[in-house]
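Please look over the sequence and the model before reading on.

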Amino acid sequence: MAETDLKKIILALQQLAAGRSNATGTVTLATGAATTTVADPNCAAGTVPLLVPASANAATEVGNGTMYVSSVANGAFTISHANSATAGRLFLYALQG
């Protein structure tokens, strides 16, 4: 649904100008699987998901060099990673584009 309240539209534009965005979130990599799909309505083809480790296990996953964004589509992106039983691989993400 499209926003029609002018005050809300102006506030959103002011927040964007200040560097804020609602195109952010968190994801924990799936255990026992080689991919994790993140559903986000702000994601579209051409979007660049930027991932930041938010736990020691997530930082280890990055350090291992085994994870990457393998696909981006309208409404979701997929992360390929090690098929591991390690829990708690928590990441913050921001969507650009």
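## A salt bridge

R89 forms a salt bridge with E61, with 2.9 Å between the closest N and O atoms. The term stands for a side-chain nitrogen of Lys or Arg within 4 Å of a carboxyl oxygen of Asp or Glu. The two residues come from distant parts of the chain, 28 residues apart: R89 lies in the loop between β5 and β6, and E61 in helix α2 (residues 56-64). Helices (H or I, at least four residues) and strands (E, at least two) are DSSP runs, numbered from the N terminus. R89 has a relative accessibility of 1% and so counts as buried; E61, at 4%, is buried too. Buried means under 20% relative accessible area, exposed over 50%, and partly exposed in between, with a 1.4 Å probe and protein chains only. The whole structure holds 1 salt bridge.

## Basis of the values

This is a predicted model, in which local features need pLDDT of at least 70 and side-chain atom pairs count only at pLDDT 80 or more, while totals for chains, interfaces and linings use all residues. Residues are numbered from 1 along each chain as its sequence is written, and side-chain values use heavy atoms, leaving out hydrogens and water.

## The sheet

An open sheet of 3 strands runs in the order β2-β5-β4, with antiparallel pairing. Its edge strands, β2 (35-39) and β4 (68-73), each pair on one side only. Neighbouring strands of the sheet are turned against each other by 20° on average, direction ignored; the axes are lines fitted to C-alpha atoms, for helices over the stretch in contact, and angles run from 0 to 180 degrees between N-to-C directions.

Two strands pair if DSSP finds at least two bridges between them. β2 and β5 are joined in the antiparallel sense over 5 bridges, and T35 has S80 in β5 as its bridge partner. β4 and β5 also pair in the antiparallel sense over 5 bridges. On that side, S71 stands opposite T78 and A73 stands opposite A76. β4 and β5 form a hairpin with 2 residues between them, and G75 in the turn has a positive phi of about 90°.

Because 5 of the 5 residues of β5 are buried, the strand is largely enclosed by the rest of the structure.

Rings of Phe, Tyr and Trp (its six-membered ring) pair if their centres lie within 6.5 Å; planes under 30 degrees apart count as stacked, over 60 as edge-to-face and the rest as tilted. By this rule there is 1 aromatic pair. The ring centres of F77 and Y93 are 5.3 Å apart and the planes stand at 75°, so the pair is edge-to-face. F77 belongs to strand β5 (residues 76-80) and Y93 to strand β6 (residues 90-96), so that the pair links distant parts of the chain, 16 residues apart. Both F77 and Y93 are buried.
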